[in-house]
Amino acid sequence: MFVANRLQQLATWLYDTSMGTHLDYNQKLNVGIWSVKYLMENPNVTWEDFKNQYLTSPCEKVKNTTNTVNGLKDKLTSLNTPANLNLTFEKGATVTENLQGSTTVNPKDGNAGQSSIVVETPADGSVIIYMHTHFNGTEMMPTFTFDDLITFDAMNYWRITNNRPVDKVAMYVITSEGTFAMIIDNSIRFHNMGGKIMTDRENMRKEFYGKIKQQNNVTVNDYIKQVAKVLPDYGISFYKATDATLNNWKKVVYNTETDQLEMPSCN
């Protein structure tokens with residue numbers, strides 16, 4: 001009965017034109033065929049967990065996560081102040097989730113004189129969100145860094161290792177350029193790239209930054225464009241909030257043909 005109910009819900013998702021709008025007809029059909037096989041082979045996965053992890057678009061994920069994780073939006077808003085960005089250390093927090101699905105916001109601030117926060121990622125996979133500021137220092141980056149990516153990888157690794165869903169795993173950074181988010185598009189690809197980070201970290205770091213570290217007069221746009229260029233290789237999508245309420249987001253995309261940034265709205 002449980003399997004039949006999930007297949008019925010899948011059929012509703014396939015035939016309802018208001019669902020899965022990020023996919024064209026053939027993509028949706030192929031996803032449907034794969035989904036039947038997956039649900040038959042994984043009878044204990046609930047429909048909600050499956051839908052959130054595999055059928056929800058990343059644009060929907062960033063909005064859903066920001067709006068539904070208890071305390072997340074309030075903490076992001078409280079971090080985003082001129083006073084915090086003018087400190088000489090980062091401020092931040094993690095959100096942990098227990099096995100019953102309840103979440104807790106845990107403040108995690110850096111120390112004066114240190115440019116980053118040391119973030120612990122427990123082996124139980126309880127951390128689902130990490131948010132932090134990049135203060136207005138000369139060496140601080142306007143969006144995510146490679147070290148942020150390492151922390152994000154650890155969060156993903158422990159969730160997968162503990163067979164816990166990754167649909168709400170996200171990272172946020174607040175800088176003078178705005179509030180940015182990383183959302184996992186493909187957790188397996190990210191997991192595999194994480195293995196490379198562990199075995200070939202310095203080369204991966206160089207690839208992440210490209211020529212940015214060697215160039216003079218690098219602009220904010222240059223840096224954001226470089227990050228947008230490499231994150232899809234990790235199975236990650238990149239977003240920027242467009243208002244202070246964090247209700248509206250744009251996807252930050254690198255166009256390989258024009259060598260320019262594009263920011264389509266997450267409608």
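Is Arg164 buried or exposed, and what is its relative accessible area? Arg164 is buried, with a relative accessible area of 11%. The legends below describe close-up views of a predicted model.

**Figure 1. Overview of the predicted chain.** The model is a prediction, and its secondary structure comprises ten helices and nine strands. Of the 267 residues in the chain, 44% are buried. Among contacts between residues at least 6 apart in sequence, 65% join residues at least 24 apart. The accessible surface amounts to about 13,900 Å², and carbon and sulfur atoms account for 49% of that area.

**Figure 2. The salt-bridge network of Glu97, Arg159 and Arg164.** These three residues are linked in a network of salt bridges. Within it, the side chains of Arg164 and Glu97 meet at 3.9 Å, N to O. Arg164 belongs to the loop between H7 and S4, whereas Glu97 belongs to strand S1, so the pair ties together parts that are 67 residues apart in sequence. Glu97, with a relative accessible area of 18%, is buried, and Arg164 is buried at 11%.

**Figure 3. The salt bridge between Asp109 and Lys91.** The structure holds six salt bridges. In the one formed by Asp109 and Lys91, the closest N and O atoms are 2.9 Å apart. Asp109 lies in the loop between strand S2 (103-107) and S3, and Lys91 in the loop between helix H6 (82-85) and strand S1 (92-97); the pair therefore ties together parts that are 18 residues apart in sequence. Asp109 counts as partly exposed at 36% relative accessibility, while Lys91 counts as buried at 19%.

**Figure 4. The salt bridge between Lys225 and Asp259.** The closest N and O atoms of this pair are 3.6 Å apart. Lys225 is buried, at 16% relative accessibility, whereas Asp259 is partly exposed, with a relative accessible area of 36%.

**Figure 5. The largest nonpolar core.** This core has 37 residues, of which Phe146, Leu149, Phe152, Phe208, Tyr234 and Phe238 touch the most other members. Elements giving two or more residues to the core include strand S3 (127-133), helix H7 (146-161), strand S4 (170-175), helix H9 (201-209) and strand S6 (236-241). Not counting residues up to four places away in sequence, Phe152 touches Val169, Ala170, Met171, Met182, Ile184, Phe190 and Ile236. Apart from this core lies another, of 22 residues, among them Leu79, Ala93, Val95 and Ile128.

Figure 6. Met204, Phe208 and Tyr209 are the buried residues of H9. They lie on the same side of the helix, because they cover an arc of only 130° around its axis. The cover over these buried residues includes H7, H8 and H10. On the face turned away from the buried side are the exposed residues Lys206 and Glu207. Gly210 follows H9 and has a positive phi, near 55°.

**Figure 7. A nonpolar patch on the surface.** Tyr25, Leu29 and Ile33 form this patch, and together they have about 370 Å² of accessible area. Ile33 is located in helix H2 (residues 25-41). With a relative accessible area of 56%, Ile33 is exposed.

How values were computed
Residues are numbered from 1 along each chain as its sequence is written. This is a predicted model: local features need pLDDT of at least 70, side-chain atom pairs count only at pLDDT 80 or more; totals for chains, interfaces and linings use all residues. Side-chain values use heavy atoms; hydrogens and water are left out. A nonpolar core is a set of buried Ala, Val, Leu, Ile, Met, Phe, Trp, Tyr and Cys residues joined through side-chain atoms within 4.5 Å. Buried means under 20% relative accessible area, exposed over 50%, partly exposed in between (1.4 Å probe, protein chains only). Helices (H or I, at least four residues) and strands (E, at least two) are DSSP runs, numbered from the N terminus. Contact means heavy atoms within 4.5 Å. Accessible areas come from the Shrake-Rupley method with a 1.4 Å probe; for residues, only the protein chains shown count as cover. The arc is that of the directions from the helix axis to the C-beta atoms. Patches are made of residues with over 30% relative accessible area and no salt bridge: like charges are joined within 9 Å, nonpolar side chains (Val, Leu, Ile, Met, Phe, Trp, Tyr) within 5 Å. A salt bridge is a side-chain nitrogen of Lys or Arg within 4 Å of a carboxyl oxygen of Asp or Glu.
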